[in-house]
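I am opening my notebook on a new structure. I will write down what I look up, step by step.

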Amino acid sequence: MATLDGASLKAALQRVAEGAAAAAAELNAADGQLGDGDLGITVSKGFAAAAEADLPDDLGMAFLECSKAFQRVSSSSYGTLVATGFMAAAKSAKGSETLDVSAIPALVAAARDAMMARGKGELGAKSVLDSLDACAKAIEGADPADMGDKAVAAARQTLQDFKGKPCKLGRARMFTEKSAELDDPGQLAFLRIVEAAVS
């Protein structure tokens, strides 16, 4: 893929919706150990709604529709953060019907920054923010043919890097010792999203 347009975004959303549905039970189980156990439902319902949305040609407006779709079906903190990420991408892509794939790292970074501001989170707290940061840095300047593999590798490495460290953000922070032994559910969800997106 050399450019991102409405058709390629729609196709990616459909792949993620399918991947999220397949991973829903896994994510619910992971979340159930540190939260309320509905992360898989949040992610699968959110991306299903985004994949079904009528996306305009303007990529900024298309990302905005994705944000609205997520907000309609999920009021959870993770769903709100994903919607915020889509909103940030919408602002960055406004007025463009196509974007070179070299713009994707900036979209990911914009989503990271907006999600950090919205959730009052910071890097290093063992959350999805760390996954977004690692992904944005890994794909910056990458050859388009390698971007997908680099994104997956970065998301997977983030899980490894935080093994043994406690979660310091969100509900999981209440389970200091237990969270150190487990993957952060949000980071795991991000890995499954990226895997599906580039499959």
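What volume does the largest pocket have? I looked it up in this model, which is predicted. The largest pocket has a volume of about 1,000 Å³.

Next I asked which residues lie closest to its centre. I found Ile-104, Val-108, Ile-193, Val-194 and Ala-197, out of 37 residues that line the largest pocket.

Then I checked the elements behind that lining. I listed those that give two or more residues to the largest pocket: α1 (6-32), α4 (77-93), α5 (104-119), α6 (128-139), α7 (144-161) and α9 (185-197). Which element gives the most? I noted α1, with 7 residues.

I also sorted this lining by class. I got 32 nonpolar, 3 polar and 2 charged residues for the largest pocket.

**Second pocket**

I moved on to the second largest pocket. Its volume is about 620 Å³. I found 26 residues lining the second largest pocket, and the closest to its centre are Ser-77, Tyr-78, Leu-169, Gly-170 and Arg-171.

Which elements each supply at least two residues here? For the lining of the second largest pocket I wrote down α2 (39-52), α4, α5, α6 and α9. The largest share of that lining comes from α4, which supplies 4 residues.

I sorted the lining of the second largest pocket by class too. It divides into 10 nonpolar, 10 polar and 6 charged residues.

How do their axes cross? I read that the axes of α6 and α9 come within 7 Å and cross at roughly 40°.

Which residues make the contact? On the α6 side I noted Val-128, Asp-130, Ser-131, Leu-132 and Cys-135. On the α9 side I noted Gly-186, Gln-187 and Phe-190. By class, the contact of α6 with α9 has 4 nonpolar, 3 polar and 1 charged residues.

**Whole chain**

Last, I stepped back to the whole chain. How many helices and strands does the protein chain have? I recorded 9 helices and 2 strands. From the N terminus on, I read the order of elements as β-α-α-α-α-β-α-α-α-α-α.

Along its principal axes, the C-alpha trace of the protein chain spans about 45 × 35 × 30 Å.

How does the radius of gyration fit a compact globule? With 199 residues, such a globule would have a radius of gyration near 16 Å. The protein chain has 16 Å, so I wrote that the value agrees.

Definitions and conventions: Residues numbered from 1 in each chain as written. Predicted model: local features only at pLDDT ≥ 70, side-chain atom pairs only at ≥ 80, totals over all residues. Heavy atoms only, no water. 1 Å grid on protein atoms, 1.4 Å probe; cavity = no way out; pocket = protein on both sides within 12 Å on 5 of 7 lines; lining within 4 Å. Points joined across faces, edges and corners; volume = space filled by probe spheres on them. Nonpolar A, V, L, I, M, F, W, Y, C, P; charged D, E, K, R; others polar. Axes fitted to C-alpha atoms, helices over the stretch in contact; angles between N-to-C directions. Contact = heavy atoms within 4.5 Å. Rg over C-alpha atoms; globule rule 2.2 N^0.38 Å.
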